[in-house]
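Welcome! Take a moment to turn the model around on your screen before reading on.

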Amino acid sequence: MHRPFKKYDAGSVTSHGDRTGVVRLSLDDVDGEVEGGTNAVSPERLGPIIATGAPHPWSRYVALGDSFTEGVGDPEPRVPGGLRGWADRVAEELSVGHEDFAYANLAVRGLLLGQILDQQAEPALALQPDLITLSGGGNDLVFRGSDPDKLAVRLDAGMELLSSTGATIMLFAGPDWGGTPVIGHNRAKIAIFNENIRTVANRYDAVIADLWAMQELADPRMWDPDRLHFSPLGYHTIAKMVLDTLNVPHTLQPYQPKDLPESSWRHARAEDLVWARKYLVPWVLKRIRHQTEEELRAKRPVPGPVFGTGLPPEAVRGL
């Protein structure tokens, strides 16, 4: 039986985002547990994996969410959807040394939490991921004035479904918008929802990526001029935090966003491309519903090689 949600008093949440508690991560290969207020996966637990030459155990990553996960504010015309963002940057690092690593991004800007789960959870299950990231609820709290406890109940139901995959799941505690005009008045609700997210994460052995605790995000350079989305530097910094939280070795350096690496789709197996185009793409697109044809679609609806825009024209003609 699930534990009931605890309603949090906003006054009990510190302005610095201090947290205590236990967050656990369950993997097929690793049963990790981290105590004492840190959310990073224990290096000792991942030691055997690293010792075998594989820096992480995941081969298929699916990202769910809204504009934050889509990467709005980080334009890059060479990638699907014309946006890079933190999830692409994480996938780029996860793909290093993993020839069969595949990445799908189902995020669509503007969606509320319920819409994210209704439109993206089932397609995500069909893609059989072993790593899932889910971020949502910001649009509900900032623009709809939603109840953070009711949102947590909806998140819990979605997590129950997603956890059936057996995948590692990462949830995001929202950033501190306290210094932002107008939006800052929602700070208490965001803090309460963050605490509820931690309750849900603990219940389903998920990992927390803690944006609230990232002091670097107070730097104006981390944000797009709209102050609603992050800049390329901000997404780079968040990607570094995500990889550190997963305890994945990476090459991201503070305040030094990496250029997009050269495309490597030419190394993908041709039969995988044929299968994805003929069977998987139509199936998934039918399940990502929108009210009108003009509405946006997921930029990466199927898992595939991270650097997917460089497929040579002759290879396309050959399919």
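## About the model

This is a predicted model, in which local features need pLDDT of at least 70, side-chain atom pairs count only at pLDDT 80 or more, and totals for chains, interfaces and linings use all residues. Residues are numbered from 1 along each chain as its sequence is written, and side-chain values use heavy atoms, with hydrogens and water left out.

## The whole chain

The protein chain has 10 helices and 8 strands. These are DSSP runs numbered from the N terminus, with helices (H or I) of at least four residues and strands (E) of at least two. Of the 319 residues in the protein chain, 52% are buried. Buried means under 20% relative accessible area, exposed means over 50%, and partly exposed is in between (1.4 Å probe, protein chains only).

A contact means heavy atoms within 4.5 Å. Among the contacts in the protein chain with a separation of 6 or more, 73% are between residues 24 or more positions apart.

A nonpolar core is a set of buried Ala, Val, Leu, Ile, Met, Phe, Trp, Tyr and Cys residues joined through side-chain atoms within 4.5 Å. The largest one here has 73 residues, and Tyr61, Trp86, Leu171, Ile238 and Val242 touch the most other members. Helix H8 (residues 232-245) gives the most to this core, with 7 residues.

Which residues does valine 242 contact, leaving aside its neighbours within four places in sequence? They are Trp86, Val90, Met170, Phe172 and Ala209. Aspartate 244 also lies in helix H8, and with 34% relative accessibility it counts as partly exposed. Between aspartate 244 and alanine 209 there are 35 residues in sequence, but 9.5 Å in space from C-alpha to C-alpha.

## A buried helix

Is helix H3 (residues 85-95) enclosed or open? Because 11 of its 11 residues are buried, helix H3 is largely enclosed by the rest of the structure. Its buried residues include Trp86, Asp88, Arg89 and Glu92. Just after H3, glycine 97 has a positive phi of about 80°.

## Helices side by side

Two packed helices are described by the angle between their axes and the distance between the axes. Axes are lines fitted to C-alpha atoms, for helices over the stretch in contact, and angles run from 0 to 180 degrees between N-to-C directions. Helix H6 (residues 148-162) packs with helix H7 (residues 187-203) at about 25°, their axes 9 Å apart. This makes H6 roughly parallel to H7; angles under 35 degrees count as roughly parallel, over 145 as roughly antiparallel, 65 to 115 as roughly perpendicular and the rest as oblique. The residues that make the contact include Leu151, Leu155 and Met159 of H6 and Ile192, Phe193 and Val200 of H7. By class, the contact has 9 nonpolar, 1 polar and 4 charged residues, where Ala, Val, Leu, Ile, Met, Phe, Trp, Tyr, Cys and Pro count as nonpolar, Asp, Glu, Lys and Arg as charged, and the others, Gly among them, as polar.

Helix H4 (residues 113-126) also meets H6: their axes come within 10 Å and cross at roughly 0°. That makes H4 roughly parallel to H6. Among the residues in this contact are Leu117 and Ala121 of H4 and Leu155 and Leu162 of H6. The contact of H4 with H6 divides into 9 nonpolar, 2 polar and 3 charged residues.
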